[in-house]
Amino acid sequence: MTTITDTLLSVGEQIRQLRIAADLSQADLASRANVGVATVRRLEAGHDVALGTLAAIVRVLGRIEWFDELDPIGAGPSPMELLRQQEGLAARPRRVSRARGRR
């Protein structure tokens, strides 16, 4: 079983490899993501960072789609939509937030 420490180390290594492939220094990445250089160092070393920080860094590295894999429902109907369908009720229109609609 993979531990949290193992996962953090793996994410840190992937971030480091992406940064190097993008020909960015830690300082360049930190500047573009609006975080401190120490934060980039900590992340690459496998230490815990805030989710917002990780998202900012991943966005700069062009891998924001990583977070799409966390969507448990995906493009299909939500549990409430399935229930409405089973009960023969009309589906309610889905609201799309501005953030999701900008892809």
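User: Which residues does R19 touch, not counting residues up to four places away in sequence?

Analyst: R19 touches L24, S25, Q26, L29, E44 and L61. Contact here means heavy atoms within 4.5 Å. A word on the source: this is a predicted model, where local features need pLDDT of at least 70, side-chain atom pairs count only at pLDDT 80 or more, and totals for chains, interfaces and linings use all residues. Residues are numbered from 1 along each chain as its sequence is written, and side-chain values use heavy atoms, with hydrogens and water left out.

User: Why is R19 called buried?

Analyst: Buried means under 20% relative accessible area, exposed over 50%, and partly exposed in between (1.4 Å probe, protein chains only). R19 has 10% relative accessibility, so R19 counts as buried. R19 lies in helix α1.

User: What makes a stretch a helix or a strand here?

Analyst: Helices (H or I, at least four residues) and strands (E, at least two) are DSSP runs, numbered from the N terminus. By that rule the protein has 6 helices and 0 strands. The order from the N terminus is α-α-α-α-α-α.

User: Why does A22 count as partly exposed?

Analyst: A22 has 44% relative accessibility, so A22 counts as partly exposed. A22 is in the loop between α1 and α2. A22 and V60 are 38 residues apart in sequence, yet their C-alpha atoms are 9.8 Å apart in space.

User: What makes the phi of D23 worth a remark?

Analyst: The phi of D23 is near 55°, a positive value, and D23 is a residue other than glycine. D23 sits in the loop between α1 (4-21) and α2 (26-33).

User: Is D23 buried or exposed, and how do you know?

Analyst: The relative accessible area of D23 is 66%, so D23 is exposed.

User: Where is N34, and what is its phi?

Analyst: N34 is in the loop between α2 and α3 (37-44). Its phi is positive, about 60°, although N34 is not a glycine. N34 has 71% relative accessibility and therefore counts as exposed.

User: Why are α2 and α3 called roughly perpendicular?

Analyst: Axes are lines fitted to C-alpha atoms, for helices over the stretch in contact, and angles run from 0 to 180 degrees between N-to-C directions. Angles under 35 degrees count as roughly parallel, over 145 as roughly antiparallel, 65 to 115 as roughly perpendicular and the rest as oblique. The axes of α2 and α3 cross at roughly 110° and come within 8 Å. The two helices are therefore roughly perpendicular to each other.

User: What is the hand of that crossing, and which residues meet?

Analyst: The crossing of α2 and α3 is right-handed. A crossing is left-handed if the near helix is turned anticlockwise from the far one by less than a right angle, and right-handed if clockwise. Q26, A27, L29 and A30 in α2 meet V37, V40, R41 and E44 in α3. By class, this contact of α2 with α3 has 5 nonpolar, 1 polar and 2 charged residues. Ala, Val, Leu, Ile, Met, Phe, Trp, Tyr, Cys and Pro count as nonpolar, Asp, Glu, Lys and Arg as charged, and the others, Gly among them, as polar.

User: How do α2 and α4 pack?

Analyst: α2 and α4 pack at an angle of about 110°, with their axes 9 Å apart. That angle makes α2 roughly perpendicular to α4. The crossing of α2 and α4 is right-handed. L29, R32 and A33 of α2 make the contact with A56, I57, R59 and V60 of α4. The classes are 5 nonpolar, no polar and 2 charged residues.

User: Why does T53 count as buried?

Analyst: T53 has 17% relative accessibility, so T53 counts as buried. T53 is in helix α4 (residues 51-60). T53 touches V35 and T39, leaving aside residues up to four places away in sequence.

User: Which residues of α4 are buried, and what covers them?

Analyst: T53, L54, A56, I57 and V58 are buried in α4. The cover over the buried residues of α4 includes α1, α2 and α3. Just after α4, G62 takes a positive phi of about 75°.

User: What share of the protein counts as buried?

Analyst: Of its 103 residues, 21% count as buried. Among contacts between residues at least 6 apart in sequence, 48% join residues at least 24 apart.
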